Amino acid sequence: MMHANYAEIQSVLSDEHSLTDAAEAHGTLTGSLCSAPGYRFEDWLREILPDGSAREPGSQTLRELFRDTSGALHGVQMHFDLLLPDEERPIIERAGALALWCQGFLYGLGVGVLRDAASMPGEVSEIVNDITEIGSAAVDTTESEESNESAYAELVEFIRVGVQVVFEELAPLRDPPPPPGAPFH
């Protein structure tokens, strides 16, 4: 469960003059945690902030988001959630943030062990292709608000579960076993 919300993270990023939206920053973090061995808080800040560091109290807020996201991905309870605007925000704003989240996630995957689609194990390739398509989706203005809300909720849930699958499938690439003959610690 995340302690920080979208508006708080957006405010911190704005204060730090980041060109990255809160959703995109969280997508980048999530993708990087899925694919980059030993990904650290400092690595993420270098990706999302012009100076690669944040002042207090913003740094603490970002650190909590990093810790919450990493903990949710590593946890067995499947408590991972996407950082997106609250449900009270207009659907067009939330859909735009979802697209940015997907773009950030794909970028984050690229900073890690994945170099091309052929290197993706199991279901990862299909999930990544779906997230790529969702990253260019928009609200269907010919549909009812209820229909758009339902489609949005389905996409968020699909991505939430898909990210957890990606995280698990990439574990062997992210955390390779020690070489034969290496001493045990």
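The legends below describe close-up views of a predicted model.

**View 1. The packing of helix α1 against helix α2 in the predicted model.**
Helix α1 spans residues 6-15, and helix α2 covers residues 22-35. Their axes come within 8 Å of each other and cross at roughly 95°, so α1 is roughly perpendicular to α2. On the α1 side, the contact is formed by Tyr6, Ile9, Gln10 and Leu13; on the α2 side, by Ala22, Ala23 and Ala25. By class, this contact contains six nonpolar residues, one polar residue and no charged residues.

**View 2. His17 in the loop between α1 and α2.**
The phi angle of His17 is near 60°. This is a positive value in a residue other than glycine. Most residues other than glycine have a negative phi.

**View 3. The packing of helix α2 against helix α3.**
Helix α3 comprises residues 41-48. The axes of α2 and α3 lie 10 Å apart and form an angle of about 140°, which means that α2 is oblique to α3. The crossing of these two helices is right-handed. Ala25, Thr28 and Leu29 of α2 meet Trp44, Glu47 and Ile48 of α3. The contact of α2 with α3 divides by class into four nonpolar, one polar and one charged residues.

**View 4. The cis peptide bond from Glu56 to Pro57.**
Omega of this bond is near 0°. Pro57 is located in the loop between α3 and α4, the latter being residues 58-74. Most peptide bonds are trans.

**View 5. The packing of helix α5 against helix α7.**
Helix α5 runs over residues 91-110, and helix α7 over residues 145-174. The two axes come within 11 Å and cross at roughly 15°; α5 is therefore roughly parallel to α7. The crossing is left-handed. From α5, the contact is made by Ile91, Arg94, Ala95, Leu98, Trp101, Cys102, Phe105 and Leu109. From α7, the residues in contact are Asn148, Glu149, Tyr152, Leu155, Val156, Ile159, Val163, Val166 and Leu170. By class, the contact of α5 with α7 has 14 nonpolar, one polar and two charged residues.

**View 6. The largest pocket of the model.**
The volume of this pocket is about 340 Å³. Its lining consists of 17 residues, of which Leu82, Leu84, Pro85, Glu87 and Val156 are the closest to the pocket centre. Helix α7 supplies the largest share of the lining, five residues. The lining of the largest pocket comprises ten nonpolar, one polar and six charged residues. Val156 belongs both to this lining and to the contact of α7 with α5.

**View 7. The second largest pocket of the model.**
This pocket holds about 170 Å³ of space. Of the 13 residues that line the second largest pocket, Ala95, Ala138, Val139, Tyr152 and Leu155 lie nearest its centre. Two or more lining residues are given by each of α5 and α7. The lining of the second largest pocket has eleven nonpolar residues, one polar residue and one charged residue. Ala95, Tyr152 and Leu155, listed here among the residues nearest the centre, also take part in the contact of α5 with α7.

Key:
Residues are numbered from 1 along each chain as its sequence is written. This is a predicted model: local features need pLDDT of at least 70, side-chain atom pairs count only at pLDDT 80 or more; totals for chains, interfaces and linings use all residues. Side-chain values use heavy atoms; hydrogens and water are left out. On a 1 Å grid over the protein atoms alone, a cavity is a set of points where a 1.4 Å probe fits but cannot get out, and a pocket is an open set with protein on both sides within 12 Å along at least five of seven lines; lining residues have an atom within 4 Å of a point. Grid points are joined across faces, edges and corners, and a volume is the space filled by probe spheres set on the points. Helices (H or I, at least four residues) and strands (E, at least two) are DSSP runs, numbered from the N terminus. Ala, Val, Leu, Ile, Met, Phe, Trp, Tyr, Cys and Pro count as nonpolar, Asp, Glu, Lys and Arg as charged, and the others, Gly among them, as polar. Axes are lines fitted to C-alpha atoms, for helices over the stretch in contact, and angles run from 0 to 180 degrees between N-to-C directions. Angles under 35 degrees count as roughly parallel, over 145 as roughly antiparallel, 65 to 115 as roughly perpendicular and the rest as oblique. A crossing is left-handed if the near helix is turned anticlockwise from the far one by less than a right angle, and right-handed if clockwise. Contact means heavy atoms within 4.5 Å.
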